[in-house]
Amino acid sequence: MRLVLVGPPGAGKGTQAEFIAAHLAVPKISTGDIFRANVASGTPLGQQAKRYMDAGQLVPDEVTIDMVRDRLAEADAADGFLLDGFPRTVPQATALDKLLADLGTGLDVVLELVVEDDEVIRRLSGRRTCRGCGKVWHVEFDPPNVEELCDRCGGELFQRDDDKPDTIAERLRVYGRDTAPLNQYYGAQGKLVGIDATGPVEDVTERAIDGLRSYGG
Ligand code: AP5
């Protein structure tokens, strides 16, 4: 299955992507994760991406599209994938459609995680990530047993630079302007399935998997 997960910053895309990708047995491809890995290892791509990410802006389309094209050419994505955080603009969506059409295939479904802004702000401001294994926690909704330490690997937890209040506000503004139009784009293709992403993580996963059934998931 070829699937895209969309939704505002902090909707729970990364959290749900893990479970849905495992359920479908496809690789999870997160453009945010790829950019953060490049920032952490100081590559030229990471240096270029960092200034946009820290400002809550999108990395330019051409950079992002080239990066995804390379990733989708890897062997593990040949029979299916779950894209988390891409596409994020209409030009990225048209580039993805063209890329897949050239390979003689196309997207099966686009899952939209629907959450109101005030919930998104609570989720982002309380998010903590493990420096060791990358697991994502939340100070209120999914706290570790020992404050600021990862239960899974004992690593130190940190707050993402782009989860500060001013940057969150900018990311939401950019989402409304550049990414929300994708709903119309994929709605017109008959591929958009909206999922209520409020409530416990397991309930959201169940709704998402139910939503995929009629698309062969
Ligand atoms: P990216 O990492 O993709 O950020 P995002 O879309 O803003 O999404 P987040 O990772 O912030 O949130 P999420 O929806 O994955 O939520 P999560 O599961 O962590 O991108 C970062 C930046 O990279 C962008 O701003 C941009 O600069 C650049 N970039 C990336 N892709 C790009 C592209 N295609 N084009 C251009 N630039 C791009 O959950 C959030 C918190 O909520 C966690 O603490 C979690 O534990 C908690 N939580 C999750 N589910 C629930 C629940 N049901 N109930 C309670 N808490 C929950």
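## Salt bridges, cores and backbone features of a predicted model

The whole structure holds 22 salt bridges, a salt bridge being a side-chain nitrogen of Lys or Arg within 4 Å of a carboxyl oxygen of Asp or Glu. This is a predicted model, in which local features need pLDDT of at least 70, side-chain atom pairs count only at pLDDT 80 or more, and totals for chains, interfaces and linings use all residues. Residues are numbered from 1 along each chain as its sequence is written, and side-chain values use heavy atoms, with hydrogens and water left out.

### Charged pairs

Side chains of opposite charge can pair when their charged atoms come close.

Helices (H or I, at least four residues) and strands (E, at least two) are DSSP runs, numbered from the N terminus. Lys50 and Asp54 sit four residues apart in helix α3 (residues 44-54), so about one helical turn separates them. For exposure, buried means under 20% relative accessible area, exposed means over 50%, and partly exposed lies in between (1.4 Å probe, protein chains only). Lys50 is partly exposed at 32%. Asp54 is partly exposed too, at 33%.

Arg71 and Glu74 fall in separate classes. Arg71 is buried, with 16% relative accessibility. Glu74 is partly exposed, with 42%.

Asp102 and Lys98 are also four residues apart, here in helix α5 (residues 90-102), so about one helical turn lies between them. Both residues are exposed. Elsewhere, salt bridges with shared partners link Arg127, Arg160, Asp162, Asp163 and Arg171 into one network.

### A buried charge without a bridge

Asp97 lies in helix α5. Asp97 is buried but has no salt bridge. Lys and Arg count as positive and Asp and Glu as negative, while His and the chain ends are not counted. On that basis, the nearest side chain of opposite charge is Lys191, 5.3 Å away. Contact means heavy atoms within 4.5 Å. Beyond its neighbours within four places in sequence, Asp97 contacts Leu107, Tyr185 and Gln189.

### Aromatic rings

A pair of aromatic rings is described by the distance of the centres and the angle of the planes. Rings of Phe, Tyr and Trp (its six-membered ring) pair if their centres lie within 6.5 Å; planes under 30 degrees apart count as stacked, over 60 as edge-to-face and the rest as tilted. By this rule there is one aromatic pair. Tyr185 and Tyr186 form that pair, edge-to-face, with 5.0 Å from centre to centre and 90° between the planes. Both tyrosines are buried.

Lys135 lies over the face of Trp137, 4.5 Å from the ring centre. The criterion is NZ of Lys or CZ of Arg within 6 Å of the ring centre and within 35 degrees of the ring normal.

### Nonpolar cores

In soluble globular proteins, nonpolar side chains tend to be buried together. A nonpolar core is a set of buried Ala, Val, Leu, Ile, Met, Phe, Trp, Tyr and Cys residues joined through side-chain atoms within 4.5 Å. The largest core has 24 residues, and Leu3, Ile20, Leu82, Leu111 and Leu212 have the most contacts inside it. Elements giving two or more residues to this core include β1 (2-6), β4 (109-114), α7 (165-179) and α9 (201-213). Helix α1 gives the most, with four residues.

Leu3 touches Ile20, Leu82, Leu111 and Leu212, among others, not counting residues up to four places away in sequence. A second, separate core has 19 residues, including Ile29, Val68, Ala93 and Val110.

Glu202 is found in helix α9. Glu202 is exposed, with a relative accessible area of 54%. Glu202 and Phe19 are 183 residues apart in sequence, yet 9.2 Å apart in space, C-alpha to C-alpha.

### Backbone features

A cis peptide bond joins Phe86 and Pro87, with omega about -5°. Pro87 sits in the loop between β3 (81-84) and α5.

Ala25 is not a glycine, but has a positive phi of about 55°. Ala25 lies in the loop between α1 and β2 (28-30). Its relative accessibility is 71%, so Ala25 counts as exposed.

Glu148 also has a positive phi, about 70°, without being a glycine. The loop between β6 (136-138) and β7 (157-158) holds Glu148. At 32% relative accessibility, Glu148 is partly exposed.
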